[in-house]
Amino acid sequence: MQYTTLGNTGLKVSVAGLGCGGNSRLGLGSGGSDAQAVAVVRAALDLGVNFIDTAEAYGTEHVVGEAVVGRRDTVVISSKCRSRSPAGPISGADAVRALENSLRLLKTDYVDIYHLHAVAPANYDHALKEIAPALLREKEKGKLRHLGITETGPNDPKQEMMARAIAEPPWEVAMLAYSMMNQGARRAILPTAKKRGIGTLLMFVVRNIFSRPAALKQAMADLAASGQVPADFAKSDAPLSFLIHDGGASSLTDAAYRFVRHEPGVDVVLFGTGKQEHLRANIDSILRPPLPEADIRKLRDLFGKLVGVGLDLPDAVRTAAKA
């Protein structure tokens with residue numbers, strides 16, 4: 001495993017971080033048991049992963065809590081509370097109650113990083129002025145070590161909220177979307193985060209667009225129809241096959257992880273899985289060298305100006321929204 005320091009936090013973290021949300025939710029999203037999910041977390045720890053990211057909304061905090069029993073001092077835990085409820089933005093008191101519940105489920109008396117989750121641009125001022133002060137008081141009590149914020153990629157594709165957050169206190173860690181076909185953070189977010197010492201956690205690195213061929217084919221057809229990619233990309237069953245070659249990537253997911261991992265300003269690349277056999281493959285990709293420079297240039301030339309591509313919500317969230 002390779003390790004780095006997360007921004008200015010002083011936390012030594014694995015560059016590969018286990019994400020406990022997304023479609024898999026450690027396997028719970030596909031019918032796996034708590035015991036199986038615990039085994040996935042423990043297998044990741046055994047492979048050197050020491051950064052675990054969960055959240056109130058994921059329903060996996062209890063799994064992480066069980067998995068790190070006896071190993072808490074060697075693990076960096078990141079969790080989050082919703083920034084709003086169906087009734088509207090939450091209060092500072094609501095956030096504190098959520099933190100207390102997270103600590104209970106995680107079986108710990110502190111969390112290393114606690115984020116406000118999926119903050120939309122319209123809710124940022126409330127998060128900054130009403131919720132953050134309450135959490136900072138809990139930080140003074142030792143219940144969280146560092147305060148973070150995460151964006152809502154599908155609802156803020158231009159990353160307007162994050163551009164504000166990384167430029168001012170009190171945020172110490174930022175979770176943001178960045179991928180081969182959603183490269184805006186390379187210009188708008190990562191340079192400032194690096195300059196200011198904001199720790200960065202990458203999400204939406206793979207998602208459906210690189211793991212499901214039908215999703216990629218449909219995305220290319222839509223982009224070609226609007227003139228955003230060459231027309232022949234819509235005709236190919238493997239439009240990104242130029243990345244797969246000797247000396248290049250072994251698969252699209254391998255390319256996706258390696259493309260983002262070596263971008264200046266990136267600290268941790270999050271990956272999700274519910275299967276132990278996928279752990280090694282994901283970690284190995286994150287630890288491999290950068291893609292060939294020619295492939296990186298082609299990806300930037302082809303997709304560098306795209307906005308919001310591949311930022312699909314987890315399947316369960318989309319299904320609930322349609323219900």
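**Basis.** I worked from a predicted model, in which local features need pLDDT of at least 70 and side-chain atom pairs count only at pLDDT 80 or more, while totals for chains, interfaces and linings use all residues. Residues are numbered from 1 along each chain as its sequence is written, and side-chain values use heavy atoms, with hydrogens and water left out.

**Strand S12.** I looked up S12, which covers residues 268-271; strands are DSSP runs of E, at least two residues, numbered from the N terminus. I found Val268 and Leu270 pointing one way, and Val269 and Phe271 pointing the other way. In a regular strand the side chains alternate between the two faces of the sheet. I noted that all four are buried, meaning under 20% relative accessible area with a 1.4 Å probe, protein chains only.

**Its partners.** I counted two strands as paired if DSSP finds at least two bridges between them. S3 (residues 16-19) pairs with S12 in the parallel sense over three bridges. Here I located Ala16 opposite Val269. S11 (residues 199-203) also runs parallel to S12, over two bridges. Leu201 has Val268 as its bridge partner in S12.

**Cysteines.** How many disulfides does the structure hold? I found zero, taking a disulfide as a pair of cysteine sulfur atoms within 2.5 Å.

Conventions. Buried means under 20% relative accessible area, exposed over 50%, partly exposed in between (1.4 Å probe, protein chains only).
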